[in-house]
Amino acid sequence: MTTIYANYAATSPTLPQAAVKELCEYLGGVHLNAGRNFEGLETGAIALRARRAMAQLFGVSDPLRVVFTSGATQALNMAINGLVREGCHVLATTVEHNAVARPLENLRKNGVIELDWLQCCPDGSLDTEKVRAAVKKNTRLLVMSHASNVLGTVLPVTECFRLARERGILTILDTAQTGGILPFLMEDCCDILVFAGHKGLGGLAGVGGFVLGEAALPKMRQWVSGGTGSASHSLDMPEFMPDRFEPGTQNVIGILSLAASVEELLRAGVEEARKRESGYTARFLSGLREIKKVKPCGTLDPDRSVPVISLVVPGYDAGDVSRCLFERHGIITRSGLHCSPLAHQTCGTFPHGTVRFSFGRGTTEAEIDTMLEALSAL
Ligand SMILES: Cc1ncc(COP(=O)(O)O)c(C=O)c1O
């Protein structure tokens with residue numbers, strides 16, 4: 001039985017051929033760490049190439065403001081902890097991933113911050129007025145997912161962030177589910193844009209990062225410190241970017257995979273990928289309308305979502321449905337709470353969860369039709 005991968009929201013299962021070729025060549029040669037060798041033996045060039053690709057993707061003029069981490073989780077922890085101050089008030093939405101919710105809850109429980117959740121609608125959408133109403137005198141930070149990893153719903157981040165920034169509030173955007181999927185330019189939309197390398201950007205697991213806006217630079221404290229191979233006389237982290245936020249030995253292979261994959265994405269065009277993948281979402285949603293026993297969640301509008309569709313089959317356990325789809329039809333989905341209990345509470349699927357289908361670079365129309373047939377046959 002051939003398998004059909006429908007779990008792109010978790011990770012991208014294959015690399016573009018150009019990236020595989022480059023990685024093989026790199027692994028067959030000498031691999032050194034960056035910033036710790038003689039000129040000519042430098043691997044820093046790989047990171048610079050990846051920074052340039054990321055800067056081009058998000059429309060950022062200075063590639064040195066792109067910082068690499070082990071993933072979006074580490075980047076979100078660094079961004080949140082770097083921007084909050086004792087006693088400040090923080091806002092985030094009720095569709096956030098635990099990569100945002102847990103660091104914030106941790107700070108709240110330790111008495112560092114006051115925290116309020118902006119209540120999203122059951123389809124995952126958010127009324128921008130909620131931001132206006134929730135702002136307090138000491139509100140310092142607004143953190144938002146660009147799109148929910150459970151419902152696929154794209155949030156009105158530009159409008160919400162504009163409202164926040166007019167009030168002097170700092171903003172963090174989590175693009176884990178939209179990077180390389182939804183064309184988006186950072187410009188002055190947010191202060192920190194966080195990305196996951198191994199999803200829509202097509203890199204290997206273990207790489208991600210953030211792009212630091214110019215205004216946030218002086219306000220962001222280091223949350224992780226250590227050796228950078230630069231300014232080693234000092235016990236303080238260097239002031240200059242990107243060393244200021246990149247201590248320790250980097251994941252050169254992950255960064256190389258990201259450079260090669262994002263360059264390929266830029267060649268093919270994110271708009272093209274968006275058109276193709278929205279088509280899959282539309283085809284899947286239209287097919288689901290004919291399958292009465294299945295209840296999809298979210299906006300059910302491909303133009304307002306990324307290719308992530310959660311559904312429930314009333315009377316059946318989500319895990320059993322997911323297992324049945326795999327064992328009988330070779331379809332790989334993900335069931336449960338998807339590290340986002342808040343999103344499931346928002347759409348009314350907590351604590352049982354949903355079966356999540358998500359599409360990406362390797363998905364085909366024929367696969368969409370097979371998934372619909374499998375759901376009909378459940
Ligand atoms: C919305 C969202 N934010 C953050 C993350 C964490 O990303 P990473 O795996 O790069 O740490 C995920 C991963 O699923 C996600 O979906």
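A nonpolar core is taken here as a set of buried Ala, Val, Leu, Ile, Met, Phe, Trp, Tyr and Cys residues joined through C-beta atoms within 7 Å, a residue being buried if 20 or more other C-beta atoms, placed from the backbone, lie within 10 Å of its own. The structure is a predicted model, in which local features need pLDDT of at least 70 and side-chain atom pairs count only at pLDDT 80 or more, whereas totals for chains, interfaces and linings use all residues. Residues are numbered from 1 along each chain as its sequence is written.

The largest nonpolar core has 107 residues, and those with the most contacts inside it are Ala79, Leu142, Val194, Phe210 and Ile255. Helix α7 (residues 252-268) contributes the most to this core, with eight residues; helices (H or I, at least four residues) and strands (E, at least two) are DSSP runs numbered from the N terminus. Because domain 1 (4-14 + 269-376) and domain 2 (17-267) both give residues to this core, it lies between them; the domain bounds come from an automatic or database domain assignment.

The C-alpha centres of domain 1 and domain 2 lie 26 Å apart. Their contact, for which C-beta atoms placed from the backbone must lie within 7 Å, takes 33 residues from domain 1 and 31 residues from domain 2. On the side of domain 1 that touches domain 2, the elements giving two or more residues are α8 (270-288), β10 (308-312), α10 (341-347) and β13 (354-358), and the largest share, six residues, comes from α10.

How values were computed:
Contact = placed C-beta atoms within 7 Å. Buried ≥ 20, exposed ≤ 12 C-beta atoms within 10 Å, placed from the backbone.
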